[in-house]
Amino acid sequence: MKAVITVVGKDAVGILAKVSVLCAENGGNIIDVTQTVMQDMFCMIMLCDTKELSVPFSDFVDLAEKLGEENNLKIHVMHEDLFNSMHRI
């Protein structure tokens with residue numbers, strides 16, 4: 001099972017590191033990541049393998065949202081199946 005993690009917010013040092021640590025601490029494995037900074041806006045999409053999570057998926061989603069709130073970021077975690085369903089033509 002995989003998850004798509006999106007992060008948007010004002011650029012700051014360590015955003016990628018903080019999200020990576022969240023994944024690692026909870027058993028997630030980062031498969032792919034792309035990021036860009038548009039003017040002063042940080043934008044990232046990360047694909048994370050979640051089959052070995054040490055917490056329920058819903059708790060991982062909550063932890064990511066909390067991390068976002070603490071760092072003035074919008075972090076959204078979506079199960080890959082839901083992401084694919086939403087973007088199927």
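Start with the cysteines. How far is the sulfur of C43 from the closest cysteine sulfur? The distance is 18 Å, and the partner is C23, so that pair is too far apart for a bond. Keep in mind that this is a predicted model.

Now take C48. Its closest cysteine sulfur is also in C23, at 3.8 Å. For anyone new to the term, a disulfide is a covalent bond between the sulfur atoms of two cysteines.

Is C48 buried or exposed? C48 has 0% relative accessibility, so it counts as buried.

Strand 1 covers residues 2–10, and strand 3 covers residues 41–49. They pair antiparallel, over 9 bridges. Strand 2, residues 29–38, is also joined to strand 3 by 9 bridges, again antiparallel. As one example, T34 stands opposite I45 of strand 3.

Strand 2 and strand 3 make a hairpin, with 2 residues between them. Look at Q39 in that turn. Its phi is positive, near 55°, and Q39 is not a glycine. Most residues other than glycine have a negative phi. At 81% relative accessibility, Q39 counts as exposed.

Where else do we find a positive phi of about 55° in a residue that is not a glycine? N72 has one. N72 lies in the loop between helix 2 and strand 4. With 69% relative accessibility, N72 counts as exposed.

On to helix 1. Which of its residues are buried? They are I15, V19, L22 and C23. These residues cover an arc of only 95° around the axis, so they lie on the same side of helix 1. Turned away from that buried side is a face with the exposed residues A24 and E25. The buried residues pack against strand 1, strand 2, strand 3, helix 2 and strand 4. After helix 1 comes G27, with a positive phi near 85°.

Next, the core. Nonpolar side chains tend to be buried together in soluble globular proteins. Here, the largest nonpolar core has 19 residues. Those with the most contacts inside it are I5, V7, V19, F60, I75 and V77. Strand 1, helix 1, strand 3, helix 2 and strand 4 each give two or more residues to this core.

Zoom in on F60. What does F60 contact, leaving aside neighbours within four places in sequence? The list is I5, L22, C23, N26, L53, V55 and V77.

Last stop, L73. L73 is in strand 4. Its relative accessible area is 13%, so L73 is buried. L73 and I15 are 58 residues apart in sequence, yet their C-alpha atoms are 9.0 Å apart in space. Not counting residues up to four places away in sequence, L73 touches V7, V8, G9, K10, I15 and G68.

That's my tour. Questions, please.

Definitions and conventions:
Residues are numbered from 1 along each chain as its sequence is written. This is a predicted model: local features need pLDDT of at least 70, side-chain atom pairs count only at pLDDT 80 or more; totals for chains, interfaces and linings use all residues. Side-chain values use heavy atoms; hydrogens and water are left out. Two strands pair if DSSP finds at least two bridges between them. Helices (H or I, at least four residues) and strands (E, at least two) are DSSP runs, numbered from the N terminus. A nonpolar core is a set of buried Ala, Val, Leu, Ile, Met, Phe, Trp, Tyr and Cys residues joined through side-chain atoms within 4.5 Å. Buried means under 20% relative accessible area, exposed over 50%, partly exposed in between (1.4 Å probe, protein chains only). Contact means heavy atoms within 4.5 Å. A disulfide is a pair of cysteine sulfur atoms within 2.5 Å. The arc is that of the directions from the helix axis to the C-beta atoms.
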